[in-house]
Amino acid sequence: GYTYLPGKGTGEGVRYINEPEAKWVKQIFHWFVNESLGIDRITYKLRELGIPTPSGKGLWYASEVWKILRNRAYIGETYVFTQTYGEPKTRLSKGTKSKKTGLIRKPREEWIEIPGATPPIIDRDLFEATQAQLRRNKDRASRNMKQQYLLSSYIRCRRCNRNYWGYLKRAKWAGEYHIKRYYRCSGNLQMVSPARCGNRNLPADKVE
């Protein structure tokens, strides 16, 4: 949505709106709030329409859409010193000398805002409505997952090393529809990887 002009002179060191890209930023927010499309569906629509990704390479992924919906730059806010270095949660080698190599997000009150560095693309009301919907979606998903699946993210695929997550499968046999719980490798989702893993699904009742 923006083009950054480097430098320290007048009109430099700031972002300018990239109109062709900004149009799709607005569309993403509109789809999410006004048309109630989920992040996955928005991701597929962007792929279907052939819209370039933020990097200009590869396919759209749900994580990229999520970052756009969370980005406060789109309401004209620019912050610096939002992260610092600290001890990482995990290390590749236990023998590695202790170094502060992990990025840690600072508390919001410690961020420093640079006024006028970014022009707004989205109005504040739409942005706040988006954040409220994201919170509702997260709470709902967390409650549902906690009730239905005990082992989501605890099972690791031996083929692609991704996590297994729970899902409901609707199938028909003996003339009736039945709902069964399964765990499946996230690598089998086209949203996660166009080259699907192919490892088998696991019946949730049996695994648990």
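Is Glu128 buried, exposed or partly exposed? Glu128 is partly exposed, because its relative accessible area is 34%. Buried means under 20% relative accessible area, exposed means over 50%, and partly exposed lies in between (1.4 Å probe, protein chains only).

1. **What you are looking at.** This is a predicted model: local features need pLDDT of at least 70, side-chain atom pairs count only at pLDDT 80 or more, and totals for chains, interfaces and linings use all residues. Residues are numbered from 1 along each chain as its sequence is written, and side-chain values use heavy atoms, with hydrogens and water left out.

2. **Overall layout.** The protein has 5 helices and 9 strands. Helices (H or I, at least four residues) and strands (E, at least two) are DSSP runs, numbered from the N terminus. Along the sequence the pattern reads β-β-α-α-α-β-β-β-β-α-β-β-β-α. Of the 208 residues in the protein, 30% are buried.

3. **The core.** In soluble globular proteins, nonpolar side chains tend to be buried together. Here the largest nonpolar core has 23 residues. Such a core is a set of buried Ala, Val, Leu, Ile, Met, Phe, Trp, Tyr and Cys residues joined through side-chain atoms within 4.5 Å. The residues with the most contacts inside this one are Ile28, Phe29, Leu46, Val65, Leu69, Tyr74 and Ile122. Helices H1 (19–33), H2 (39–49), H3 (62–70) and H4 each supply at least two of its residues. The largest share, 6 residues, comes from H1.

4. **Salt bridges.** How many salt bridges does a search of the whole structure find? The search finds 7. A salt bridge is a side-chain nitrogen of Lys or Arg within 4 Å of a carboxyl oxygen of Asp or Glu. One of them joins Glu48 to Arg41, with the closest N and O atoms 3.4 Å apart. Glu48 counts as exposed because its relative accessible area is 56%. Arg41, at 38%, is partly exposed.

5. **Arg72 and its partners.** Arg72 forms a salt bridge with Glu77, where the closest N and O atoms are 2.8 Å apart. Glu77 has 10% relative accessibility, so Glu77 counts as buried. Arg72 is partly exposed at 22%. The side chains of Arg72 and Glu128 also meet in a salt bridge (3.8 Å, N to O). Glu128 lies in helix H4 and Arg72 in the loop between H3 and strand E3 (79–80), so this pair ties together parts that are 56 residues apart in sequence. A network of salt bridges links Arg72, Glu77, Arg108, Arg124 and Glu128.

6. **The positive patch.** Arg70, Arg105, Arg135, Arg136, Lys138 and Arg140 form a positive surface patch. Patch residues have over 30% relative accessible area and no salt bridge; like charges are joined within 9 Å, and nonpolar side chains (Val, Leu, Ile, Met, Phe, Trp, Tyr) within 5 Å. Lys and Arg count as positive, Asp and Glu as negative, while His and the chain ends are not counted. Helix H4 (residues 124–148) gives the patch its largest share, 4 residues. Arg140 lies in H4. Its relative accessibility is 41%, so Arg140 counts as partly exposed.

7. **A loop to check.** Where does Asn34 lie? Asn34 lies in the loop between H1 and H2. Asn34 counts as exposed because its relative accessibility is 51%. Asn34 and Leu126 are 92 residues apart along the chain, and their C-alpha atoms are separated by 9.2 Å.

Methods. Areas by Shrake-Rupley, 256 points an atom, 1.4 Å probe, with all protein chains shown as cover. Charge placed at Lys NZ, Arg CZ, Asp CG, Glu CD.
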